[in-house]
Amino acid sequence: MRPLRPSLALALVVSLVAAGTAFAAAAVITPTRVDGVHLGDTHADLRARGKVGPIRPGCELAPNTKSAKLKAPLKGSVNYTLSSPRKVDSITITGGAKARGVGIGATIAQIKAKFPHAKIDHSTDQVFQLTLVKTPKRPHGGGRIMFGVSTQTKRTTIIGVPFIAFCE
């Protein structure tokens, strides 16, 4: 059996590394979307594109609310408006996506390094045991990103676009 030529072996290694990094890249969070899920998209459209699961009841404390789980590689859920057709009102991420390289597990210092104008809100520390870090609204119609940092572990456990929907 003949050994591979060095140039062919190098090309093979480069292509395998490029393919590996393409699959390892996390989905992107922006102030208006997460991966292919945009604020304002209808449930029927997201379901047809395979981004969310079936629609289900939302928060038990608010009647008629609806939500759906995000499909892999994202982890989290989508909350819908009360009107018909149901449109995306907020997106909650618990894994599988990053905003400017900041994802689940990040500290407040890491968030502030990537979002220097973010504001820290301690009003939910006692009730939800989360410190909220809110990015400012983006100019030209952009929204915001909200990070929920556990007061216990000091790490991000939840990310909301444009806010974290609490139901407790």
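Tutor: Start with burial: a residue is buried under 20% relative accessible area, exposed over 50% and partly exposed in between (1.4 Å probe, protein chains only). F147 has a relative accessible area of 0%, so F147 is buried.

Student: What kind of model is this?

Tutor: It is a predicted model: local features need pLDDT of at least 70, side-chain atom pairs count only at pLDDT 80 or more, and totals for chains, interfaces and linings use all residues. Residues are numbered from 1 along each chain as its sequence is written, and side-chain values use heavy atoms, with hydrogens and water left out.

Student: How many helices and strands does the protein have?

Tutor: Helices (H or I, at least four residues) and strands (E, at least two) are DSSP runs, numbered from the N terminus. This protein has four helices and 12 strands. Of its 168 residues, 35% are buried.

Student: In what order do the strands of the open sheet lie?

Tutor: Strands of a sheet pair through backbone hydrogen bonds, either parallel or antiparallel. Here two strands count as paired if DSSP finds at least two bridges between them. Eight strands make an open sheet, in the order β4-β5-β6-β7-β12-β11-β10-β9, with antiparallel pairing. At the edges are β4 (56–57) and β9 (119–121), and each of them pairs on one side only.

Student: How many bridges join β6 to β7?

Tutor: Six bridges link β6 (residues 75–80) and β7 (residues 88–95), and the two run antiparallel. Follow the partners: Y80 bridges to V88 in β7, and V78 bridges to I91.

Student: How many residues lie between β5 and β6 in their hairpin?

Tutor: Five residues lie between them. Strand β5 (residues 66–69) is joined to β6 by three bridges, again antiparallel. Find K69 in the structure; S77 in β6 stands opposite.

Student: Which residues touch the most other members of the largest nonpolar core?

Tutor: A nonpolar core is a set of buried Ala, Val, Leu, Ile, Met, Phe, Trp, Tyr and Cys residues joined through side-chain atoms within 4.5 Å. The largest one has 27 residues, and I29 and F147 touch the most other members. Two or more residues come from each of β6, β7, β11 (146–150) and β12 (156–161). β7 gives the most, with three residues. There is also a second, separate core of five residues, including L130 and M146.

Student: Which residues does I29 contact?

Tutor: Contact means heavy atoms within 4.5 Å. Leaving aside neighbours within four places in sequence, the contacts of I29 include V34, I93, A97, I145, I159 and V161. Across the protein, look at contacts with a separation of 6 or more: residues 24 or more positions apart account for 39% of them.

Student: How many aromatic pairs are there?

Tutor: Rings of Phe, Tyr and Trp (its six-membered ring) pair if their centres lie within 6.5 Å; planes under 30 degrees apart are stacked, over 60 edge-to-face and the rest tilted. The whole structure holds two such pairs. F115 and F147 have ring centres 5.7 Å apart and planes at 50°, so this pair is tilted. F115 sits in the loop between α3 (108–114) and β9, and F147 in strand β11, so the pair ties together parts 32 residues apart in sequence. F115 is buried, at 8% relative accessibility.

Student: What about F128 and F166?

Tutor: That pair is stacked, at 4.2 Å centre to centre and 20° between the planes. F128 belongs to helix α4 (residues 125–128) and F166 to the segment after β12, so the pair ties together parts 38 residues apart in sequence. F128 is partly exposed, at 26%. F166 is partly exposed too, at 34%.

Student: Where is R100, and which residues does R100 touch?

Tutor: R100 lies in the loop between β8 (97–98) and α3. Beyond four places in sequence, R100 touches K114, F115 and R138. The R100 side chain reaches the backbone oxygen of K114 at 2.7 Å. R100 is partly exposed, at 44% relative accessibility.

Student: With which side chain does T131 make a polar contact?

Tutor: A polar contact is a pair of N or O atoms within 3.5 Å; within protein, one must be able to donate a hydrogen and the other to accept it, and residues adjacent in sequence count only if both atoms are side-chain atoms. For T131 the partner is the side chain of D125, at 2.8 Å. T131 is in strand β10 (residues 130–134) and is buried, at 6% relative accessibility. Among its contacts beyond four places in sequence are I108, I120, H122, F147 and V149.
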